[in-house]
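Welcome! Please take a moment to look over the model before reading on.

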Amino acid sequence: MTTMTTTTDPGPGTRAAQRRLPTPPAQRTAPQSPATREGGHAYVPEQRQAGHEGVSGHPGQQSDSGHPDLPDAAADQRAADARAHDPRAHGFLPERPPVRSMIGTWTRLDATARAVAVAPGREAAVAVVERAGHTGELAALRQRVSRLSPRNAEAAAMRIAVIAVACGWNGLDPQAPAARQAADGAFLDLWAAIAHRIDHDQFVALPTLSLHNWAPERKPRRHLPIDQLARTEQLVPIVRWAPEGQPLCRLDRLMLAVTRLEAHGIWLFRLAETLAGRSPDDSSTPTALRRLVRIQHALRAQLQEEIVELAAAPATAQQSAVLGALAAQGALEPPVLQAADAVLGVGGRRTGEGGRQSVRRHLPTHHRAWLGAMDRHCAPVRTLAHRGGPDAAVYREAQESLIALRRTYTTLVHTAARPGSGDLAAAA
C-alpha cells in the first residue's frame with residue numbers, strides 16, 4: 001500500500017516492505033483503567049497491570065455514585081480517554097481517520113488551505129490569506145471555533161498548519177504582539193483560537209501536517225483499526241501540495257511516508273511498554289530488544305524504498321522552502337522515532353534533555369506525557385549501555401539500528417527537499 005505513484009497499484013517496493021513488516025493483531029483488548037497518572041494522562045506499563053485486573057466491573061459492585069450497577073460517568077470518561085490515548089492501540093495516529101472535507105462555514109478554511117498549498121510562492125500564499133481576512137471569512141470562523149468537536153478541531157488545526165508553513169509564519173507565536181507586524185491579524189486570531197481549543201500551542205509541525213492529512217482513497221469495506229487502515233489501504237492527501245490533476249509532489253509523498261512509518265511502527269510503542277520498568281537482568285529484556293532491532297531494520301528498509309520512489313516525484317522551490325522552515329523550527333521529527341528514543345536514550349545523548357524537549361513540544365500533551373513516562377520507566381534498561389556481556393551487546397545493537405533508521409529518514413527529507421539542501425540534516 002502506497003501513494004507514491006499516481007496509480008492504484010501500490011508498487012512492488014512498498015508491497016515488499018509490507019511483507020517484511022509484522023502486522024499487529026487487528027483486534028487487541030483495551031488496557032485496564034489506569035492505576036498511574038502521568039501529567040494527567042494514563043500510563044500503565046503492561047507488567048504493572050497485574051493485580052489491578054478485576055478491580056472494577058463486578059456485578060453489584062458499589063460505584064462512586066452510591067448505586068450498585070450504576071457506572072460512574074467520570075470513571076467511564078477517564079477509561080475512554082485512556083483507550084483513546086494509549087499508544088499501544090494505534091501509536092500517535094489519530095483515533096479515527098482524519099476529516100476529509102469540513103462542512104458548513106468551515107469549507108472556507110478547506111478552500112483557503114488548498115489554495116495556499118498550491119500557491120507558486122509565499123507572496124501568493126499570503127495574498128490568499130489576506131483576501132480571506134479582508135472579506136471577513138477568517139473572523140467568521142473564529143466565532144465558531146468553540147462549536148467544533150475534538151475531531152473537527154484537529155482537522156481545522158491541520159489546515160491552519162498548512163496555511164502557516166505555506167506563508168512562512170510557522171515560527172510565529174500567534175498571540176505575540178510582534179506577530180501582528182508579520183502576519184494577517186484575522187488569521188492569527190483564528191490560529192490562537194484553534195490552539196486553545198485543542199490545548200496545544202505548538203501544533204504547526206510534521207505530526208499535524210502528516211498524521212492528520214491523509215484519507216483512504218476509497219471507503220474500506222469493513223471497519224479496520226486505524227494503524228491497519230493506514231498500512232493496508234491506498235492513501236491520498238487531504239490537502240495536496242500539488243495541483244489537482246497533477247502527480248503527487250515530493251512533499252505530499254513525504255507526509256504520506258511519515259504516516260505509513262507511524263502505522264508500521266506500532267510495534268515500537270508496544271515494545272516500549274513491554275520494556276518499561278523491566279530490570280536489565282530480566283530474561284525477557286534481551287528478547288524485547290531483539291524484536292526492537294528487527295522492527296527498526298524493517299522500517300529502515302521501508303524508508304529506503306520510499307526514497308527511491310519519492311526521488312522520481314516533482315518538487316518546487318515553494319515546497320523546499322516549507323521543509324526548510326519546518327527544519328529550522330525542529331519540527332520534522334517523526335513521533336515513532338521519538339518513541340524509540342524514549343526507550344533507548346539515543347536522542348537525549350545526541351541533543352541533551354533540552355533538545356529532546358524542544359522536539360517533543362510539537363506533540364499533544366498526552367503524547368508528551370507518555371514519552372516522559374517512557375524516559376523514566378525505561379531508565380533501568382538503559383543501564384545496559386555501561387555493562388558488558390551479550391545483553392549489553394543487544395542493547396547497543398538496538399541503539400545502532402535506531403541511529404541508522406534516523407539517518408535514513410534524514411535522507412528521505414533531503415530527497416523531498418531536492419538534493420543539496422544540506423541545512424536539513426541536523427534538524428531532521
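Here is a short tour, from the whole chain down to single residues.

This is a predicted model, in which local features need pLDDT of at least 70, side-chain atom pairs count only at pLDDT 80 or more, and totals for chains, interfaces and linings use all residues. Residues are numbered from 1 along each chain as its sequence is written, and side-chain values use heavy atoms, with hydrogens and water left out.

**The whole chain**

The protein chain holds 20 helices and 4 strands; helices (H or I, at least four residues) and strands (E, at least two) are DSSP runs, numbered from the N terminus. Of its 428 residues, 54% are buried, where buried means under 20% relative accessible area, exposed over 50%, and partly exposed in between (1.4 Å probe, protein chains only). Among contacts (heavy atoms within 4.5 Å) between residues at least 6 apart in sequence, 76% join residues at least 24 apart.

**Helix α8**

Helix α8 covers residues 185–198, and its 14 residues should span 20 Å at 1.5 Å a residue, in agreement with the 20 Å between its end C-alpha atoms. The expected span is 1.5 Å times one less than the number of residues. At its start, a side-chain oxygen of Asp184 comes to within 3.1 Å of the backbone nitrogen of Ala186. After α8 comes Asp199, with a positive phi near 55°. The buried residues of α8 include Phe187, Leu188, Leu190 and Trp191. Its buried residues pack against α4 (107–117), α5 (122–134), α6 (137–142) and α7 (150–166).

**Two of its neighbours**

How do α4 and α5 cross, and at what angle? Their axes, which are lines fitted to C-alpha atoms over the stretch in contact, with angles from 0 to 180 degrees between N-to-C directions, come within 8 Å and cross at roughly 160°. That makes α4 roughly antiparallel to α5, a term for angles over 145 degrees. The contact is made by Thr112, Ala115 and Val116 of α4 together with Ala125, Val128, Val129 and Ala132 of α5.

**Two single residues**

Conventions. Polar contact = N/O pair within 3.5 Å; in protein donor to acceptor, adjacent residues only side chain to side chain. Parallel < 35°, antiparallel > 145°, perpendicular 65-115°, else oblique.
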